[in-house]
Amino acid sequence: MDIIEKQNVIEIDDAFRENVKERFIRYAKIYSTSSSENADKGIIPSTPQQFDFARELKKELESLGFKNIQLTENCYLYANIPATLGFEKTKPFCLLAHMDTVEEVSGLNVNPQVFKNYDGKIIDLKGGIKLDPSKIPALCQAAEESDTVITTDGTTLLGGDDKAGITIIVSALEYLMSHKDIPHGKIEVIFSPDEETGHGMDKVPLNLLESKFAYTVDGGHLGELESECFNAFRSDITFKGIASHTNNARANGMVNAISMAGAFIQSLPRGESPETTDGRLGFYCPLKINGSMEEASVSLFLRDFDKDNMEKRKALVEQLAFAAASSFGGNAEVKHVQQYLNMKEGLDKVPYVKEVLINAYKVCGVEPVMTPIRGGTDGSRLTEMGIPTPNIFTGAHNYHSASEWVSLKQMVKATEIIIELSSMITKL
Ligand SMILES: [Zn+2]
């Protein structure tokens with residue numbers, strides 16, 4: 001794609017920044033923690049408080065003039081803004097962010113602390129939590145730029161993941177609706193429940209969606225652009241033995257399934273585990289072992305960015321399982337279950353989706369940092385469903401902890417990028 005020049009002069013003034021900050025703080029204070037236990041049972045949303053947040057958002061979108069606002073029975077909030085005059089034929093696209101926050105740290109009574117013109121002093125929070133810019137490069141950068149930093153009070157998480165994303169989307173579209181001179185096509189929005197439980201796209205109302213591509217706004221530091229994630233499979237291995245009383249086990253030909261399972265796990269390459277790899281290296285990770293002498297089962301995660309390598313991993317698991325079983329005179333069965341796939345493949349088929357985003361980053365003065373995700377995202381699930389979906393940064397940091405913080409400058413920059421992106425898409 002040829003570089004598309006900057007399309008608009010976006011007025012980023014104090015009022016704009018103040019609006020983004022106030023909106024974020026308002027969202028952060030709303031309790032919306034999800035529950036893996038319920039979500040794993042198929043209950044979506046997994047907690048009623050996610051509906052509370054969705055209803056608040058719905059009211060806000062109504063007052064801002066969004067169209068076709070719908071809150072589904074599974075707590076997905078859909079809305080859109082129509083194309084500007086003459087751009088009805090522009091490709092529509094969708095923006096997504098998730099409403100829930102992670103359950104490991106409390107999300108109740110969040111009390112955001114604002115450090116305006118942050119001066120680089122150590123931030124001292126309750127419970128002895130210290131944010132020290134000499135140990136956190138991104139925080140050091142925030143101090144150098146006299147950024148506004150928003151933290152927790154130390155007793156809860158902040159929920160920047162992903163309330164920063166919702167803030168950015170609502171603020172960008174509010175801006176577009178009040179600046180009709182900026183051309184754009186139809187823009188759809190989905191705010192979803194239960195991303196943190198891994199079930200965020202289980203009930204996504206694709207039937208409401210006209211867009212053929214989308215962007216999640218759920219990343220971290222300035223410039224991050226995620227368009228690649230692991231291919232993920234789970235292998236379930238069952239070892240079959242022959243039980244016998246221990247007193248005459250030799251005569252009876254005891255075959256111990258537990259020993260086979262142990263030998264199998266021992267034979268996995270130790271240098272290819274999550275704790276010994278990072279970056280682009282894949283791994284095997286045993287996560288469950290269960291059994292008796294007669295039958296033992298092992299589940300493990302297989303992860304690899306490369307599709308062919310994943311096939312090799314599956315083959316190796318089979319080979320090692322059969323070898324372990326036969327060395328004890330038993331049998332093994334191996335089943336591989338696909339969990340999610342690298343979104344790169346789906347995105348490579350429609351390169352403009354990522355290219356126009358890279359372009360929007362650049363004209364807004366942000367160098368894209370392509371980070372492969374060592375996990376899956378709502379975007380990877382959507383890409384599998386046929387809607388290629390890269391991920392945009394939000395300015396949130398130290399996710400899933402009481403030391404979580406967000407950078408206002410970075411949130412505002414992401415908002416600017418989305419405004420620019422929306423009008424660049426009219427050139428595709
Ligand atoms: Zn998130």
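The C-alpha centres of domain 1 and domain 2 lie 39 Å apart, with the domain bounds taken from an automatic or database domain assignment. Before we walk further, please note that this is a predicted model, in which local features need pLDDT of at least 70 and side-chain atom pairs count only at pLDDT 80 or more, while totals for chains, interfaces and linings use all residues. Residues are numbered from 1 along each chain as its sequence is written, and side-chain values use heavy atoms, with hydrogens and water left out.

Let us begin with the two domains. The assignment gives domain 1 as 14-228 + 342-427 and domain 2 as 231-340. Where they touch, ten residues of domain 1 are in contact with eleven residues of domain 2; contact means heavy atoms within 4.5 Å. The size of an interface is often given as the accessible area lost when the parts come together. Here domain 1 and domain 2 bury about 940 Å² between them, 43% of it on carbon and sulfur atoms. This buried area is the accessible area (1.4 Å probe) that two parts lose on being put together, summed over both.

Next come the helices. Helices (H or I, at least four residues) and strands (E, at least two) are DSSP runs, numbered from the N terminus. Two packed helices are described by the angle between their axes and the distance between the axes. The axes are lines fitted to C-alpha atoms, for helices over the stretch in contact, and angles run from 0 to 180 degrees between N-to-C directions.

Find helix α7 (residues 257-267) and helix α8 (residues 307-327), whose axes come within 8 Å and cross at roughly 140°. The two helices are therefore oblique to each other. Angles under 35 degrees count as roughly parallel, over 145 as roughly antiparallel, 65 to 115 as roughly perpendicular and the rest as oblique. Met-260, Ala-263, Phe-264 and Ser-267 in α7 meet residues of α8 that include Val-317 and Leu-320.

Now turn to α10 (residues 352-363) and α12 (residues 408-424): their axes come within 9 Å and cross at roughly 130°. That makes α10 oblique to α12. Among the residues making the contact are Val-356 and Tyr-361 of α10, and Glu-420 and Met-424 of α12. The classes here are eight nonpolar, one polar and one charged.

Helix α12 also packs with α5, and here the axes come within 9 Å and cross at roughly 50°. As a result, α5 and α12 are oblique to each other. In α5, Ala-164, Ile-168 and Tyr-175 are among the residues that meet α12, where Met-411 and Ile-418 are among the partners. This contact has nine nonpolar, four polar and no charged residues.

Finally, look at some details of the backbone. A cis peptide bond joins Asp-161 and Asp-162, with omega about 15°, and Asp-162 lies in helix α5 (residues 160-178). The peptide bond from Ile-44 to Pro-45 is cis too, with omega near 0°. You can find Pro-45 in the loop between α2 (36-40) and α3 (49-64). Cys-75 is not a glycine, yet has a positive phi of about 75°; Cys-75 sits in the loop between β1 (67-71) and β2 (77-81).

Technical notes: Nonpolar A, V, L, I, M, F, W, Y, C, P; charged D, E, K, R; others polar.
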